Amino acid sequence: MKFEHFALNVPDATATSRWYENHLGLTVVKKMEESPFMTFLADDSGTVMLEIYTNPKGETLDFTAFHPLAVHLALVSENPTEDMNRLIKAGATLFSDDIHPDGSHLIMLRDPWGISLQLCKRTTPMLKSN
């Protein structure tokens, strides 16, 4: 088994998708233009997807009520400080900016809808690259 996607029911899938495309560099694999606005977004490896939608049949979480350690999307960043500053200008908010004892740099942000995003520059990458 391997991951195909992780799904989130969000308050505004259209706006969230647009923001993730424009500011996180995710690419649309499939998108519905009508309710529930199901959108599959892939990272640049093309091997992992995030599905976002606004489906009234399911609960939409109040992401701002959760500590980022409860749920977050982690993204590899070659320059976390630069990416953090760019994302803050685009509407994200900073939660934490930490350099760990091994030298890894982890920044936690919230997107404009409160979903936690972690920018990761690890001293030793955790996944093999393509």
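Tutor: We will start with the whole chain and then turn to a few residues, keeping in mind that this is a predicted model.

Student: How many helices and strands does the protein chain have, and in what order do the elements run from the N terminus on?

Tutor: A fold can be read as a list of elements taken in order along the chain. Here the protein chain has two helices and eight strands, and from the N terminus on they run β-α-β-β-β-β-α-β-β-β. The radius of gyration is 15 Å, close to the 14 Å that the globule rule gives for 130 residues, so the chain is as compact as a globular protein of that length. Along its principal axes, the C-alpha trace spans about 45 × 35 × 25 Å.

Student: What share of the residues counts as buried, and what share of the contacts with a separation of 6 or more comes from residues 24 or more positions apart?

Tutor: Of the 130 residues, 34% count as buried, and residues 24 or more positions apart account for 51% of those contacts.

Student: Which residues of helix α1 are buried, and what do they pack against?

Tutor: In α1, which covers residues 13-24, the buried ones are A13, A15, T16, S17, W19, Y20 and L24. These buried residues pack against the strands β2, β3, β4, β5 and β8, and also against helix α2. Just after α1 comes G25, which takes a positive phi of about 75°.

Student: Is D83 buried or exposed, and which residues is it in contact with beyond its neighbours within four places in sequence?

Tutor: A single residue is read by its place, its cover and its partners. D83 lies in helix α2, residues 80-89, and it counts as buried because its relative accessibility of 17% falls under the 20% cut-off. Leaving aside neighbours within four places in sequence, D83 is in contact with S77 and L119, and a polar contact of 2.5 Å joins the side chains of D83 and S77.

Technical notes: Residues are numbered from 1 along each chain as its sequence is written. This is a predicted model: local features need pLDDT of at least 70, side-chain atom pairs count only at pLDDT 80 or more; totals for chains, interfaces and linings use all residues. Side-chain values use heavy atoms; hydrogens and water are left out. Helices (H or I, at least four residues) and strands (E, at least two) are DSSP runs, numbered from the N terminus. Buried means under 20% relative accessible area, exposed over 50%, partly exposed in between (1.4 Å probe, protein chains only). A polar contact is a pair of N or O atoms within 3.5 Å; within protein, one must be able to donate a hydrogen and the other to accept it, and residues adjacent in sequence count only if both atoms are side-chain atoms. Contact means heavy atoms within 4.5 Å. The radius of gyration is taken over C-alpha atoms; the globule rule is 2.2 Å times the number of residues to the power 0.38.
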